[in-house]
Amino acid sequence: MATATCVTSAFSGITLSTSSRSTTCSVYPVFTCFASKKNTNKLNFMDQILDYIEGGPKLRKWYGAPDILPKDASNLEDEDSAPEEGEVRDAVLVTDGDNEIGQMVILSLIIKRSRVKALVKDKRAAIESFGTYVESMAGDANDERFLKKALRGVRAIICPNEGFLSTVESLKGVQHVILLSQLSAYEGSSGLQAIINGNARKLAAQDESMIKNSGIPYTIIRTGSLTNTPGGKQGFSFKEGSAAQGTLSKEDAAFICVEALDNVPKQGLTFEVANGEEKVVNWKDCFTKLVEKAEE
């Protein structure tokens with residue numbers, strides 16, 4: 001039987017306390033886990049944790065995920081199958097499942113029991129990391145056929161970094177795009193740092209321009225320079241200029257992306273954010289205020 005111990009991370013994820021008689025679990029946005037195995041059963045990391053907490057198959061049935069894939073992934077859905085008419089669009093596509101923030105976003109979405117799709121470089125590695133809780137897809141986003149498959153059933157897209165939106169020609173059917181942009185931070189840099197950020201700045205500007213002209217409701221989150229500091233420990237600043245001068249924890253950035261999913265603007269919303277003094281208790285109210293401020 002697999003044993004696992006989870007501890008609270010800076011990302012305020014899941015805290016588990018286990019003993020021979022009981023298991024207690026407190027749920028937060030994201031978590032850090034450590035697992036060990038006492039046998040050779042090759043379950044992936046997430047399934048080991050979930051099996052230990054709730055008895056695996058029961059939890060997967062509750063979550064709505066399919067059974068564990070065989071090692072050769074032989075029962076993966078045929079990627080070339082045609083989409084059904086009137087398909088349900090309930091998935092969230094994370095455009096970079098290899099990116100650190102992208103993986104934080106994915107874990108948050110799994111906890112929220114969202115249907116998750118992710119673009120990755122190594123599909124096998126992604127399946128071993130996230131199991132059947134994520135529909136991992138490897139391919140070239142510039143390939144129209146691949147992009148069509150990736151967007152099948154997708155209602156919202158979260159872009160945890162620059163470079164995806166400016167490469168695609170169509171996002172037909174998508175109802176909301178969330179872009180994590182460091183454009184303000186790039187524009188606020190100078191000297192050697194400005195040269196280093198030159199290409200990223202160009203991609204960020206292109207992504208923002210593309211989504212603003214797409215006609216799709218969008219949320220552009222302009223962050224301060226992203227750092228590896230613990231998330232959930234500081235407040236925020238949404239003042240103009242805060243992104244150019246401040247910093248933001250990567251964990252907080254991922255959390256804000258996920259919170260934005262439930263707050264779809266009528267047309268578009270662009271705001272700056274960095275870590276600061278303002279405490280946010282209700283993110284729905286926070287986004288409402290941000291929209292009102294943008295419309296002034």
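How many salt bridges does the count come to by this rule, a side-chain nitrogen of Lys or Arg within 4 Å of a carboxyl oxygen of Asp or Glu? The count comes to 7 salt bridges. The structure is a predicted model, in which local features need pLDDT of at least 70 and side-chain atom pairs count only at pLDDT 80 or more, while totals for chains, interfaces and linings use all residues. Residues are numbered from 1 along each chain as its sequence is written, and side-chain values use heavy atoms, with hydrogens and water left out.

One of the salt bridges joins the side chains of Asp 90 and Arg 115, at 2.9 Å from N to O. Asp 90 sits in the loop between helix H2 (57–63) and strand E5 (91–94), and Arg 115 in strand E6 (residues 115–120), so the pair links distant parts of the chain, 25 residues apart; helices (H or I, at least four residues) and strands (E, at least two) are DSSP runs, numbered from the N terminus. Asp 90 is partly exposed at a relative accessible area of 37%, and Arg 115 is partly exposed at 29%. Here buried means under 20% relative accessible area, exposed over 50%, and partly exposed in between, with a 1.4 Å probe and protein chains only. Together with Glu 135, Asp 90 and Arg 115 are linked in a network of salt bridges.

Helices H10 and H3 are also connected. Lys 250 forms a salt bridge with Glu 100, with the closest N and O atoms 3.0 Å apart. Because Lys 250 lies in helix H10 and Glu 100 in helix H3, the pair ties together parts that are 150 residues apart in sequence. Lys 250 counts as buried at 19% relative accessibility, whereas Glu 100 is partly exposed at 40%. The side chains of Lys 112 and Asp 262 meet in another salt bridge (3.7 Å, N to O). Lys 112 is in the loop between H3 and E6, and Asp 262 in the loop between H10 and E14, 150 residues apart.

Beyond four places in sequence, Val 105 touches Val 94, Ile 158, Ala 254, Cys 257 and Val 258, where contact means heavy atoms within 4.5 Å. Cys 257, found in helix H10 (residues 250–260), is buried with a relative accessible area of 0%.

The structure also holds 7 aromatic pairs. Rings of Phe, Tyr and Trp (its six-membered ring) pair if their centres lie within 6.5 Å; planes under 30 degrees apart count as stacked, over 60 as edge-to-face and the rest as tilted. Phe 238 and Trp 283 form an edge-to-face pair, 6.4 Å centre to centre with 80° between the planes, and both residues are buried. The rings of Phe 271 and Phe 287 have centres 5.8 Å apart and planes at 85°, so this pair is edge-to-face. Phe 271 belongs to strand E14 (residues 268–276) and Phe 287 to helix H11, 16 residues apart. Ring pairs link Phe 236, Phe 238, Phe 255, Phe 271, Trp 283 and Phe 287 into a cluster.
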